[in-house]
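Reader: Could you walk me through this model, please? I would like to start with its overall make-up.

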Amino acid sequence: MSTKDNLKEAFAGESQANMKYLAFAKKAQAEGLSSIARLFTATAEAETIHANLHLNALGEIKTTAENLITAKAGETHEFESMYPPFVEEAKKDGDQKALRAFQYAVEAEKVHAKLYAQAAEEVDKKVEHDYYLCPVCGNIEIDQVSDKCFICGVPGNKFIKY
Ligand SMILES: [Fe+2]
Ligand SMILES: [Fe+2]
């Protein structure tokens, strides 16, 4: 293992710990354990700091124009290659939770790739947009929100504006 491999592994581990702790914090909050929720939230933020240091040491944070290309490639890999076989296997296994998770992701990643492509084209023009995130499936709409999410059907007024 090289230091580069170590950084990649550490980045993956810290990123996963971040997501896990945020989910655990939400659960603790729902159970009325607010101090433990804050511990999970603070630790999640600490793992983000570590993940950022690792990613930076890897030299993977470049110019925004370059980052948009990288981000679009990642999303495209996910919806073209990664998720379709996952969807099929979940169907075969009859795992409804996994199937819905993969179907939401595969559809949302197509949208993400498109938005990154558009942003990459506009990066020099400094165009301003509003983005609206569907809190259920991860779909993102640009500039205006629909009556309901075209992926999961959630009403547009539930979308979160960025
Ligand atoms: Fe995505
Ligand atoms: Fe949605």
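Reader: How many helices and strands are there in the protein?

Author: Helices (H or I, at least four residues) and strands (E, at least two) are DSSP runs, numbered from the N terminus. The model is predicted, with local features needing pLDDT of at least 70 and side-chain atom pairs pLDDT 80 or more, while totals for chains, interfaces and linings use all residues. Residues are numbered from 1 along each chain as its sequence is written. From the N terminus on, the order is α-α-α-α-β-β-β, which gives four helices and three strands.

Reader: How many residues does domain 3 bring to its contact with domain 2?

Author: The domain assignment, automatic or from a database, lists domain 1 (3-57), domain 2 (62-125) and domain 3 (128-162). The C-alpha centres of domain 2 and domain 3 are 16 Å apart. Residues are in contact if their C-beta atoms, placed from the backbone, lie within 7 Å. Domain 2 supplies seven residues to the contact, and domain 3 supplies seven.

Reader: Is C152 buried or exposed, or something in between?

Author: C152 sits in the loop between β2 (140-142) and β3 (160-161). Beyond its neighbours within four places in sequence, C152 contacts Y104, C134, V136 and C137. A residue is buried with 20 or more other C-beta atoms (placed from the backbone) within 10 Å of its own, exposed with 12 or fewer, and partly exposed in between. C152 has 17 such atoms within 10 Å, so C152 is partly exposed.

Reader: What share of the protein's residues count as buried?

Author: The C-alpha trace spans about 45 × 40 × 35 Å along its principal axes. Of the 162 residues, the share that counts as buried is 14%.

Technical notes:
Chains lettered and ligands numbered in written order. Contact = placed C-beta atoms within 7 Å.
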